[in-house]
Amino acid sequence: MFDPRNGGDYADLIDESVKAMRASALTSERVVRALNANLNHQDGAKPQGHIPYGFQREYAMTKVKGKTAMRPVGQMPDPETAPLVIELFRRVKSGHSFLSIARDWDKRTITSRGGIPFSAQSLRAMCVRKAYIGKRVHREDGEVFEFDASWPVIADFPGSPMKPAAFVTLFKEVGNLLADPARQTVNPGAGKHEYTGALKCDVCSGPIKVSTKTTVPKYTCRDQGCVVINKEGVDRVVQGVVLGYLVREDVYAMVAPADGGAELEAVRSPLAAKRAELAELETAPRPQGARAKVAMLDMIDELEGEITELEERETRLTPGPSPLAELFDHGPDIEPRWKATPVEVKRQIAALLLSTDGPLGQVRVMRVADSESDAVTDRLRWVTTD
Ligand SMILES: [Zn+2]
């Protein structure tokens, strides 16, 4: 691989650019056939926009409409970060949660290009990026087209810990794993009951467990046995409240980060300016002399880095789906859909809604002696911090 900063590499650079142009021309043909649409423009097959983590962008002098200009010509696995992408897929396959990987990467100070630690959500999004198996996805009029990209599989680099074909298989396995909620090992062994994680003993504040020693299942205080209550009755009451919440449309609305708004505006205007600057630079006539060329490449590199950083900040500040919307869809037939929801997902929803800082509050089971009556509704206390 050439180093665009090294002026001596120019012969290679031109050579590579010819190869890359040939590859992208081939891809362009495929695009036209696949889409039967007007994608036959100059940049059709070349990598554009955001560079997926693990890849690096290559630039070269290319001739467009009689003008020679510096343009992105290719995308190659980055030997430093590509192994981390492979590690991510391997760990997900072996049952690691995205949260545990995010925490581990944070400890190892592995961050995105902009220096931002990876979140569990961004790692999850990485696991479905077809760019990692050398595919490019194009969306048009609600249809999704997929075709071979001009860049290789992420595992296709000298010294890769994995063969490219094996990575493609791994990518599909992880895809199946993520598509099937029943197979998600969010928290293996976390429990078979949807509400045990959300219920607390009101006497000792300790956890609640299910006791099946009796003929009818009961909830009991796990550590000290302070309270005992009929499980079915509690489940009916709690589910009624949870479904009463899930039936509302407003609770699925987009959630803006607390510091959005003004800060988002402060990111968008420099981003637009930098993008315009980059576009201008990429279409500018080729400068005379090797030094000027290298300086131009450096500027493009620097701008790309700044744009990527701003784009990441923009993404963080842009309103996203509420965490609830990612777990459950708004719509009719709420009861049958809730019934069909895997227990792991129900537990996540319960954790989200039934906590002291959640919208419904933590459900605490009181002793009969402390309650108005022995009715289940009288024995549950919904506690929120205000
Ligand atoms: Zn207790």
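## Basis and overall make-up

Residue numbers start from 1 along each chain, following the sequence as written. In this predicted model, local features need pLDDT of at least 70 and side-chain atom pairs count only at pLDDT 80 or more, while totals for chains, interfaces and linings use all residues.

The protein has twelve helices and ten strands. Helices (H or I, at least four residues) and strands (E, at least two) are DSSP runs, numbered from the N terminus. Of the 386 residues, 22% are buried. Buried means 20 or more other C-beta atoms within 10 Å of the residue's own; exposed means 12 or fewer; partly exposed lies in between, with C-beta atoms placed from the backbone. Take the contacts between residues at least 6 apart in sequence: 59% join residues at least 24 apart. A contact needs C-beta atoms, placed from the backbone, within 7 Å.

## Nonpolar cores

The largest nonpolar core holds 23 residues, and V85, I86 and I154 touch the most other members. Such a core is a set of buried Ala, Val, Leu, Ile, Met, Phe, Trp, Tyr and Cys residues joined through C-beta atoms within 7 Å. Two or more residues each come from α2 (82-93), α3 (98-107), α4 (120-126) and α5 (164-179). Helix α2 gives the largest share, six residues.

Leaving out residues up to four places away in sequence, V85 touches Y53, G54, M126, Y132 and I154.

Strand β6 (residues 208-211) pairs with β7 in the antiparallel sense over four bridges. Pairing requires at least two DSSP bridges between the strands. The two form a hairpin with six residues between them. S211 has K218 as its bridge partner in β7.

β7 also pairs with β8 (residues 228-230), antiparallel, over three bridges. Here K218 has N230 as its partner. Six residues separate the strands of this hairpin, and among them G225 takes a positive phi near 65°. Strand β7 (residues 218-221) is covered on both faces. K218 and T220 are buried on one side, Y219 and C221 on the other.

## The open sheet

Three strands form an open sheet in the order β5-β9-β10, with mixed pairing. Its edge strands, β5 (199-201) and β10 (380-383), each pair on one side only. β5 and β9 (residues 362-365) run parallel, joined by three bridges. L199 has V363 as its bridge partner in β9.

Definitions and conventions
Contact = placed C-beta atoms within 7 Å.
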